[in-house]
Amino acid sequence: MLELGHIVYYVRDLSASLRFYTDAVGLKLGGKIFNGRGAILTGGSTHHELLLIEVGNADGPLTGKRIGLY
(Lines give C-alpha, C1' and ligand atoms only; values in the text may rest on other atoms or scores of the structure.)
Protein backbone atom coordinates (compact mmCIF):
# COMPACT_ATOMS: atom_id res chain seq x y z
CA MET A 1 0.00 0.00 0.00
CA LEU A 2 1.40 3.37 -0.95
CA GLU A 3 -0.95 5.82 0.76
CA LEU A 4 -4.32 6.04 2.46
CA GLY A 5 -6.50 9.01 3.33
CA HIS A 6 -8.20 9.36 6.71
CA ILE A 7 -10.75 6.54 6.96
CA VAL A 8 -12.89 5.32 9.87
CA TYR A 9 -14.38 1.81 9.97
CA TYR A 10 -16.82 0.45 12.53
CA VAL A 11 -15.92 -3.22 12.98
CA ARG A 12 -17.37 -6.25 14.76
CA ASP A 13 -14.05 -7.64 16.03
CA LEU A 14 -11.20 -5.22 16.67
CA SER A 15 -8.55 -7.93 17.16
CA ALA A 16 -9.38 -9.64 13.86
CA SER A 17 -9.47 -6.32 12.02
CA LEU A 18 -6.12 -5.29 13.51
CA ARG A 19 -4.55 -8.56 12.33
CA PHE A 20 -5.81 -7.94 8.80
CA TYR A 21 -4.72 -4.31 8.54
CA THR A 22 -1.29 -4.92 10.10
CA ASP A 23 -0.43 -8.33 8.58
CA ALA A 24 -2.07 -8.15 5.13
CA VAL A 25 -2.11 -4.42 4.44
CA GLY A 26 1.08 -3.46 6.29
CA LEU A 27 -0.19 -0.66 8.50
CA LYS A 28 1.35 -0.12 11.94
CA LEU A 29 -0.64 0.15 15.17
CA GLY A 30 -0.24 3.68 16.50
CA GLY A 31 -2.21 3.09 19.68
CA LYS A 32 -5.54 2.17 21.17
CA ILE A 33 -8.28 4.59 22.25
CA PHE A 34 -11.85 4.50 23.57
CA ASN A 35 -10.92 2.16 26.45
CA GLY A 36 -9.40 -0.35 24.03
CA ARG A 37 -12.38 -0.40 21.66
CA GLY A 38 -10.66 1.74 19.06
CA ALA A 39 -7.31 1.58 17.31
CA ILE A 40 -5.38 4.05 15.20
CA LEU A 41 -3.21 2.72 12.39
CA THR A 42 -0.63 4.47 10.27
CA GLY A 43 1.21 3.85 7.06
CA GLY A 44 3.76 6.46 8.08
CA SER A 45 2.38 9.47 6.17
CA THR A 46 0.43 11.03 9.05
CA HIS A 47 -0.41 10.43 12.71
CA HIS A 48 -3.06 7.96 11.55
CA GLU A 49 -4.72 7.15 8.27
CA LEU A 50 -7.14 4.53 9.57
CA LEU A 51 -9.28 4.45 12.71
CA LEU A 52 -11.04 1.21 13.67
CA ILE A 53 -13.87 1.34 16.22
CA GLU A 54 -15.29 -1.91 17.58
CA VAL A 55 -19.09 -1.95 17.84
CA GLY A 56 -19.60 -5.73 18.11
CA ASN A 57 -22.81 -7.05 16.60
CA ALA A 58 -24.50 -3.66 16.22
CA ASP A 59 -26.78 -3.38 13.19
CA GLY A 60 -26.35 -0.71 10.61
CA PRO A 61 -25.71 1.33 8.57
CA LEU A 62 -28.38 4.02 8.93
CA THR A 63 -28.22 5.30 12.53
CA GLY A 64 -26.15 4.96 15.67
CA LYS A 65 -23.42 2.35 15.96
CA ARG A 66 -23.00 0.52 12.72
CA ILE A 67 -20.69 -1.80 10.82
CA GLY A 68 -18.74 -0.43 7.86
CA LEU A 69 -17.36 2.85 6.57
CA TYR A 70 -18.09 5.96 8.63
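Strand β3 is mostly covered, with 5 of its 5 residues buried; buried here denotes under 20% relative accessible area, exposed over 50%, and partly exposed in between, with a 1.4 Å probe and protein chains only. Please note that this is a predicted model, in which local features need pLDDT of at least 70, side-chain atom pairs count only at pLDDT 80 or more, and totals for chains, interfaces and linings use all residues. Residues are numbered from 1 along each chain as its sequence is written, and side-chain values use heavy atoms, with hydrogens and water left out.

In a regular strand the side chains alternate between the two faces of the sheet. In β3, Gly-38, Ile-40 and Thr-42 lie on one side, Ala-39 and Leu-41 lie on the other, and all are buried.

Let me turn to the neighbours of this strand. Helices (H or I, at least four residues) and strands (E, at least two) are DSSP runs, numbered from the N terminus; two strands pair if DSSP finds at least two bridges between them. β3 pairs in the antiparallel sense with β2, residues 28-33, over 5 bridges, and with β4 in the antiparallel sense over 4 bridges. Ile-40 has Gly-31 as a bridge partner and Leu-51, in β4, as another. β2 and β3 form a hairpin with 4 residues between them, and Phe-34 in the turn has a positive phi of about 55°.

Next, the interior. A nonpolar core is a set of buried Ala, Val, Leu, Ile, Met, Phe, Trp, Tyr and Cys residues joined through side-chain atoms within 4.5 Å. The largest one has 9 residues, including Val-11, Leu-14, Tyr-21, Ala-39, Leu-41 and Leu-52. Helix α1, β3 and β4 each supply at least two residues of this core, and the largest share, 3 residues, comes from α1. A second, separate core of 6 residues includes Tyr-10, Ile-40, Leu-51 and Ile-53.

Tyr-21 is in contact (heavy atoms within 4.5 Å) with Tyr-9, Gly-26, Leu-27, Leu-41, Leu-50 and Leu-52, leaving aside neighbours within four places in sequence. Ser-17 is located in helix α1, residues 14-24. Is Ser-17 buried or exposed? Ser-17 counts as buried, because its relative accessible area is 14%. Not counting residues up to four places away in sequence, Ser-17 touches Val-11 and Leu-52.

Finally, the chain as a whole. The chain has 1 helix and 5 strands, in the pattern β-α-β-β-β-β along the sequence. Buried residues make up 31% of its 70 residues.
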